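Let's take a friendly walk through this model and look at a few places where its parts come together. Have the viewer open and follow along.

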Amino acid sequence: METTGQPHVSGETPHNQEKFPFQVEANGDLKNDIVDQLKYTYARDPKTASDRDWWNSVCRAVEKKLMVRFQETMRVQNEADVRRVYYLSLEYLMGRLLENNLINTGLIDEVKTAISELGLDWKVIFDQEMDMGLGNGGLGRLAACFLDSLASLDVPAIGYGIHYQFGLFRQEFKDGHQVERPDNWLQFGNPWEFVRPEYCQNIRIYGYVKHGFNDTGDYCPKWVGGRIIVGVPYDIPICGYGAQTVNFLRLWEAKSSQEFDLEAFNEGGYVEAIRQKALDETISKVLYPNDKTETGKELRLVQQYFFVSCSLKDIIRRYFKNHQDWSQFADKVAIQLNDTHPAVAVPELMRILLDEYYFEWDEAWNLVRKVFSYTNHTLLPEALEKWSVPLFEKVLPRHLQIVYEINTQFLEKEVEAHWPGDDQMKSMLSIIEEGSVKMIRMAYLSVVASHTVNGVAALHTELLKKHLFRDFHDLYPQKLQNKTNGITPRRWLLQCNPKLTELINEKIGYHWPKQIERLREIENFADDPDFQHRFMEIKHQNKVQLADYIKQTLKITVDPAALFDVQIKRLHEYKRQHLNLLHILTMYRKLIHNPDMDMHPRVFIFGAKAAPGYELAKNIIRAINMVADKINNDKRIQDKIKVVFLPNYSVSLAERIIPASDLSEQISTAGKEASGTGNMKLALNGSLTIGTLDGANVEIMEEVGEENIFIFGLKVEEVEALRARGYNPWDYYNNNPVLKAVIDWLSSDTFTPGQDDSFQPLRQSLLDHGDPFLVLADYASYCEAQIKVNQAYKDRQRWARMAILNTARVGKFSSDRTIQEYCDDIWNIKPLV
């Protein structure tokens, strides 16, 4: 139904209000619906209800309205027997859903009004929501953006993942150290999900392969024994922006198939009575268990198999609701592997076809290759997932047989045909990596089994073809494609930056969130003094809000008039937060020697988590925190520099930081970042990029113009040439007295009194261990680029123009565009409207 109302964010009536197509109908008094949910779903009295009670009730009232659209979507899709995308991802960094759902359905104003009429502050109510603990970094956030775009484009799709009880961890700082606390995001329940016990799946793990023959005398292995785990699905509706479609995300929770052992309990064996049940249910307890130990590795593999097996069985169940045989399976099913975490789906589907439906090998393999496609997300060889053969055999004995047979067929039929008699090439391309312990290369398995493989930025894809998958590209020249990542503008502009959204709406109308290329129209105002003033005033207001949050959270006072210099991303050496730190120390040292130095005040803002087992990354975090403490309390520099490391980086924290950012740090070593999406979010909100020509930075530069970005450092070919000549970081250290001074300074006990070895791991990485990510090689160029940033920022008119053009010109990086390309070039799927 088409009704009036706009998906704008403010509570005011929008300028030149137009119709919002397919807005969810309010259907009566929302206020009464909320109160009814409070009373009858949560059994709370309005007079004594907490803010969280009200938040739950608002979510339920909104979800009730979504359910009408959801049921209609399922009915239409099922009756049309649609081809559907099944997106398999081990993580989804969803953030908070209430405001996002209200914007996408056009109910934002009605709900805010209803909450206000109940005598409540809608901002306080919205802020009760916890981020869903279903993801960690860019891979999970990309998956969340893709779900939004799939629904917004009316593409039939289901996301599959794991219903983690605990997220990665809740980060705190103690004496500068990262401290990991449980992220119990489900502590108060999740009103957006509903359980579907009728669709549970039974999953076998461990056991052994029983050798046998069928009634025609053919070898017929059977996987028996082991443990049976029950996968219980939880569904979360995913509503599109201004669309008719409500898809869903299905998450699997592990439950034990064994009943409570009452006999053991009655005999006093209380722990033994629940021991097996507890072990089985650890599978879905925690996102990314620490895999430094063999037990952790085993749990990780079990997690991956559990969720893909549940998902494949569910896909097959859905297919056979409308079909009697497998003849149309490849026409109705497109399965996307989001990195290698779901790659075990390949041998699992083969097992199902061979052992449960008695396919011939070639018939099964042809079907598998028609339904799978694979997205690669890394250029780091060490990040490509591998499983040891002994572990794989222990957990999945039948699947190991299948992987070996896939490899044998691949080498003997395809590699031999392309490189006759070349045993070295067979060894290089083998899915099984030989060594003291044989390993299964999951990326190779994914490439061999998929009809299409894609990179996530133009540079990334070219480097895949040139290096990581060079021989596969020779063998399959049409298989590798590029699909540059994108972000949803609904969350990353409409929701997180409402004032800028209103300004854009006023100038170019309300259709741009689904026609993102129309953002180019605000280029016409880039030189308009009034528009520049309003644009930068909005930026200042966002900075005031972030400054208030920093004061409240860390008790650090920062000046909103300062340049806000932001680096927010997972803590990893290749992302080079330590390069940023060396520059901060350089500026600090200069200011100590010359407090009146001509520089605009700057606030350096960090947000990042380090993996619990990544000690060097945690050392970098502590170094930043201890340097920050020293700088922030040094009266000599007159507050010209402040350093802030906000704990527990998350989607909701990013939504606070990104609209307030002036400078976006995208400083990875060229050739290491696959794409990046934080760079896109920051640019969309008018933050200028300082970065290397790495990942999607290359394409951002092409879109915004070289004059509106600060590029520095070695290019990919220069990195390769330097490594080929022999890179020695000591040369840079010895030949640059400023660099030497700041490294030595950091290595002293200046920042950790009485502990002069606190940052030796960082120093050793930069010098003794060869500086693997070329921090010292790019240091001088980075410092020069930062001088240009300072000069540009002091010219307020110039900076405003550059910021406006960044917002106007990054429409290419909408996830709607990315998903449309997947639909056209990989999935061969059309919207259903």
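Predicted model: local features only at pLDDT ≥ 70, side-chain atom pairs only at ≥ 80, totals over all residues.

Which residues of H4 (residues 108-117) are buried? They are Ile108, Asp109, Val111, Lys112, Ala114 and Ile115.

An α-helix has 3.6 residues a turn, so residues three or four places apart point the same way. After H4 comes Gly119, with a positive phi near 80°.

## A buried arginine without a salt bridge

Next, find Arg318, which sits in helix H9 (residues 294-319). Arg318 is buried, yet it has no salt bridge. How far away is the nearest side chain of opposite charge? That side chain belongs to Asp314, and it is 5.0 Å away.

Leaving aside residues up to four places away in sequence, Arg318 touches Met74, Asn78, Arg84, Tyr86, Ile158, Tyr160, Phe248 and Arg250.

## H11 crossing H14

Two packed helices are described by the angle between their axes and the distance between the axes. For helix H11 (residues 345-356) and helix H14 (residues 397-418), the angle is about 100° and the axes are 9 Å apart. That makes H11 roughly perpendicular to H14. By class, their contact has seven nonpolar, one polar and four charged residues.

On the H11 side, the residues in contact are Val346, Pro347, Glu348, Met350, Arg351, Leu354 and Asp355. They meet Arg398, His399, Ile402, Val403 and Ile406 in H14.

Trp365 belongs to helix H12 (residues 361-371). Is Trp365 buried or exposed? Its relative accessibility is 11%, so Trp365 counts as buried. Not counting residues up to four places away in sequence, Trp365 touches Val346, Met350, Ile406, Val448 and Ala449. Val346, Met350 and Ile406 also take part in the contact of H11 with H14.

As a distance check, pick the C-alpha atoms of Trp365 and Asp148: they are 32 Å apart in space, and the two residues are 217 apart in sequence.

## Positive phi in two loops

Asp339 is not a glycine, although its phi is positive, at about 75°. You will find Asp339 in the loop between strand E13 (333-338) and H11. With a relative accessibility of 11%, Asp339 counts as buried.

Arg576 is another residue other than glycine with a positive phi, here near 65°. Arg576 lies in the loop between strand E20 (563-568) and helix H22 (577-593). Its relative accessible area is 0%, so Arg576 is buried.

## H31 meets H32

Finally, turn to helix H31 (residues 775-794) and helix H32 (residues 796-809). Their axes come within 5 Å and cross at roughly 105°, which means that H31 is roughly perpendicular to H32. The residues of this contact divide into four nonpolar, no polar and three charged.

From H31, the contact takes in Val789, Ala792, Tyr793 and Lys794. Their partners in H32 are Arg796, Arg798 and Trp799.

Note on methods:
Residues numbered from 1 in each chain as written. Heavy atoms only, no water. Helix = DSSP H or I, 4+ residues; strand = E, 2+ residues; numbered from the N terminus. Buried < 20%, exposed > 50% of the residue type's maximum accessible area, 1.4 Å probe, protein only. Contact = heavy atoms within 4.5 Å. Lys, Arg positive; Asp, Glu negative; His and termini not counted. Salt bridge = Lys/Arg side-chain N within 4 Å of Asp/Glu carboxyl O. Axes fitted to C-alpha atoms, helices over the stretch in contact; angles between N-to-C directions. Parallel < 35°, antiparallel > 145°, perpendicular 65-115°, else oblique. Nonpolar A, V, L, I, M, F, W, Y, C, P; charged D, E, K, R; others polar.
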